[in-house]
Amino acid sequence: MADCIFCKIAAGEIPSTKVYEDDLCLAFRDLNPQAPTHILVIPKDHIQSVDEIDASNEAVVGHIFSVIAKVAKDEGLDKGYRVVSNIGEQGQQTVPHLHFHIIGGRDMTWPPG
């Protein structure tokens with residue numbers, strides 16, 4: 001999508017602090033971190049949210065979860081971390097492009113807020 005900020009980041013049109021990249025996805029540091037480690041992992045192809053995961057894109061989503069595990073290990077999150085995806089307005093999704101937050105490096109609280 002031409003007006004999607006994450007599509008522009010994936011295309012290299014907007015700079016990011018990359019921690020991982022391959023043909024299918026990109027992981028980069030969040031500009032407003034909520035923990036010592038806060039990384040976003042996005043598919044390079046536009047998928048609006050978890051609500052749009054289906055048979056045509058489930059393989060890339062599975063791949064993203066293997067990337068999440070690799071990035072978390074590379075970041076030293078051996079004591080644990082949280083993976084979050086916000087969906088829709090009430091879920092506080094602020095960018096309409098599927099993305100997963102890797103949040104770690106501190107004790108998490110519950111409920112998250």
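This is a predicted model: local features need pLDDT of at least 70, side-chain atom pairs count only at pLDDT 80 or more; totals for chains, interfaces and linings use all residues.
Strand E1, which covers residues 18–21, is joined to strand E2 by 3 bridges, and the two strands run antiparallel. Together E1 and E2 form a hairpin, with 3 residues lying between them. Within this pairing, Tyr20 stands opposite Ala27, a residue of E2.

The largest nonpolar core contains 17 residues, of which Val41, Val71 and Ile102 touch the most other members. At least two residues of this core are supplied by each of E2, strand E3 (37–43), helix H2 (58–74) and strand E5 (100–104), and the largest share, amounting to 7 residues, comes from H2. In soluble globular proteins, nonpolar side chains tend to be buried together.

When residues up to four places away in sequence are not counted, Ile102 touches Thr37, His38, Ile39, Val41, Ile68, Val71, Leu77, Tyr81 and Arg82. Among these contacts are Val41 and Val71, which, like Ile102 itself, belong to the residues that touch the most other members of the largest nonpolar core.

Ser49 is found in the loop that lies between E3 and H2. The relative accessibility of Ser49 is 6%, and this residue therefore counts as buried, the cut-off for that class being under 20% relative accessible area. With residues up to four places away in sequence again left out, the contacts of Ser49 are Ile87, Gln93 and Leu98.

Turning to the open space in the model, the second largest pocket holds about 320 Å³. Its lining is made up of 19 residues, and those that lie nearest the centre of the pocket are Phe6, Phe28, Asp30, Leu31 and Leu40. Two or more residues of the lining are given by helix H1 (5–10) and by strand E2 (25–29), with H1 providing the largest share, 3 residues. Sorted by class, the lining comprises 9 nonpolar, 8 polar and 2 charged residues.

Notes:
Residues are numbered from 1 along each chain as its sequence is written. Side-chain values use heavy atoms; hydrogens and water are left out. On a 1 Å grid over the protein atoms alone, a cavity is a set of points where a 1.4 Å probe fits but cannot get out, and a pocket is an open set with protein on both sides within 12 Å along at least five of seven lines; lining residues have an atom within 4 Å of a point. Grid points are joined across faces, edges and corners, and a volume is the space filled by probe spheres set on the points. Helices (H or I, at least four residues) and strands (E, at least two) are DSSP runs, numbered from the N terminus. Ala, Val, Leu, Ile, Met, Phe, Trp, Tyr, Cys and Pro count as nonpolar, Asp, Glu, Lys and Arg as charged, and the others, Gly among them, as polar. Two strands pair if DSSP finds at least two bridges between them. A nonpolar core is a set of buried Ala, Val, Leu, Ile, Met, Phe, Trp, Tyr and Cys residues joined through side-chain atoms within 4.5 Å. Buried means under 20% relative accessible area, exposed over 50%, partly exposed in between (1.4 Å probe, protein chains only). Contact means heavy atoms within 4.5 Å.
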